[in-house]
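Hello,

Here is the structure I said I would pass on. Please open it first, then read the notes below.

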Amino acid sequence: MLQDAKDRAKWKARLIGWCDDLSDHLARPVVKLAAETLFGILASGSLRQAEIARALKEPCRLHHTQKRLSRMLSRHSELAWAAEQLQLQRITPYITDDMVLAIDPGDLNRDGAPASEYRTRVRDGDTGEIVGGYPLISVVARDLRRGTTWPLLTRLLSPARGGYRSENTDILSVMDTVQRHVEGRPLWVIDRGGDRGRLWDAWLRAERHVLVRAANQRFWQWRDTAKTSQQIARDLPLKHRGHLRRGQHIPVRFGITKVTLREHPETPLWMIVVDHEKSERLVLVTTRPVRGRRQGERMIQAYLDRWACEEGYRFTKQGFDLEGVQARRFTTLQNLVALASLAWALLAAYQDRAPELVRHAQRQKRHHRLIFPFYSLQRGWQRLFAQGRSVFYPSGEERQTPRHEYQTCSPPQEDYADDTPENGETLDPPPLALHPKYPATLLPYCCRLTHSAWRFCHPQAVPLGPSLPARCFGAGSYRARQ
């Protein structure tokens, strides 16, 4: 038990140390909100605000904690941007030149929430159906030698929001954001959805190293003729043999040739055709020069390791229950998605230094190396902190809310309004039958005070008894001593 308490203190210090870096961009109450939400996501394994509030174990009513989190997450749109910058700042030191950066558009299915703000139509990647939801863009770094995964960014978007231009603009914007934090010129890997003319124009102008799967929707200039990618795949002799993944013993045949785009005839591109025993051959096109069998085999393995991005979407949706989020405001959804990505990054930064989380995960095959360790790390975090009685506030003590927390937050939305006087609101005294031991002068005085003013003016208050209604005093009701 003592060792578990030390482990909890160590991980809580790591989390708070990360969130302290947000103080350069955010106000102190918002930094505190980020730390609490980040911990709640890891401890509950959910993006539902009720589960996050329950994981905080605050010594007050669950409804009040949930209401506070909901109000602040919907008011501070700068939190998503700051969390994104913090994630890049913390993870990019682990990125090396031999890693590949996989970028992949995804989706957030919100078909069951028609009242969600700025909801649009997206294609569900699991079922292939057109549903209501939001598009996502995720960037993941993959180390081919060590087999480790590093999440860099996950961004929630909406074409229904003002100022939106196109998916191409979003992809280029995300790549520029990551490139500003990464040193060197890494290899970007994208699926066949990236085979677009506008993207190729931007990549060639910026001289980026990209690897794209050809979509067989354009003509390539090859040997003084214009052919599609599958026509070139049928005519190109496959002279090389290699392996699709490291450690596999079944070889595949592939060929390498040089092609150009009709719009950029002066810029050479390299095409790799792989016969992987499917109905259509795998065709990859890259701006990085490919000379010889080993470089071609590395490009094939780099594309197949793009699955790390798909696995990241799967972990976010299963490990953090992304599609189970019940928020409706777009700002809240953006903040929760950004903080979920930051929670994944926190686990990734310590994936080689977290034996206590792996031990608490109670894995059955302990002698096997973890290929994708984040499920075990997140489960170990849940079980480790489930044994603690308190998180940020001592157990059994009332939480003293600082005055600045109410000054930086706007009044609650209409959806969350209740009879509680707070944030400058006052209530008219209702007709009450007071208990004889309470003086009649107490009622108008306490009903005209705001909740925060009552706490600061009466530090010696005691919990309210059943004779005087709690809604006269607000959340965490109090009465004055006689």
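Two residues are in contact when they have heavy atoms within 4.5 Å of each other. On that rule, 62% of the contacts in the protein chain with a separation of 6 or more are between residues 24 or more positions apart. Keep in mind that this is a predicted model.

First, the chain as a whole. It has 482 residues, and 55% of them are buried. Its secondary structure comes to 16 helices and 14 strands. The accessible surface is about 23200 Å². Carbon and sulfur atoms hold 47% of that surface.

Next, the largest pocket. How much space lies in it? The figure is about 720 Å³. The lining has 29 residues, and the closest to the pocket centre are Pro-105, Gly-106, Asp-107, Arg-123 and Gly-125. Five elements are listed as giving two or more residues to this lining: β1 (100-109), β2 (120-123), β3 (130-142), α6 (167-181) and α10 (307-319). Which of them gives the largest share? That is α10, with 6 residues. By class, the lining has 14 charged, 11 nonpolar and 4 polar residues.

Now the salt bridges. The count is 22.

- Glu-84 and Arg-155: their side chains meet at 2.6 Å, N to O. Glu-84 is in helix α5 (residues 78-91) and Arg-155 in strand β4 (residues 149-156), so the pair links distant parts of the chain, 71 residues apart. Both residues are buried.
- Lys-317 and Asp-107: here the salt bridge is 3.9 Å, N to O. Lys-317 lies in helix α10 and Asp-107 in strand β1, so the pair ties together parts that are 210 residues apart in sequence. Lys-317 and Asp-107 are buried.
- Arg-253 and Asp-275: the salt bridge is 3.1 Å, N to O. Arg-253 is in strand β10 (residues 252-261), and Asp-275 is in strand β11 (residues 269-275), 22 residues apart. Is Arg-253 buried, partly exposed or exposed? Arg-253 has 32% relative accessibility, so it counts as partly exposed. Buried would need a value under 20%, and exposed one over 50%.

Best wishes

Technical notes: Residues are numbered from 1 along each chain as its sequence is written. This is a predicted model: local features need pLDDT of at least 70, side-chain atom pairs count only at pLDDT 80 or more; totals for chains, interfaces and linings use all residues. Side-chain values use heavy atoms; hydrogens and water are left out. On a 1 Å grid over the protein atoms alone, a cavity is a set of points where a 1.4 Å probe fits but cannot get out, and a pocket is an open set with protein on both sides within 12 Å along at least five of seven lines; lining residues have an atom within 4 Å of a point. Grid points are joined across faces, edges and corners, and a volume is the space filled by probe spheres set on the points. Helices (H or I, at least four residues) and strands (E, at least two) are DSSP runs, numbered from the N terminus. Ala, Val, Leu, Ile, Met, Phe, Trp, Tyr, Cys and Pro count as nonpolar, Asp, Glu, Lys and Arg as charged, and the others, Gly among them, as polar. Buried means under 20% relative accessible area, exposed over 50%, partly exposed in between (1.4 Å probe, protein chains only). Accessible areas come from the Shrake-Rupley method with a 1.4 Å probe; for residues, only the protein chains shown count as cover. A salt bridge is a side-chain nitrogen of Lys or Arg within 4 Å of a carboxyl oxygen of Asp or Glu.
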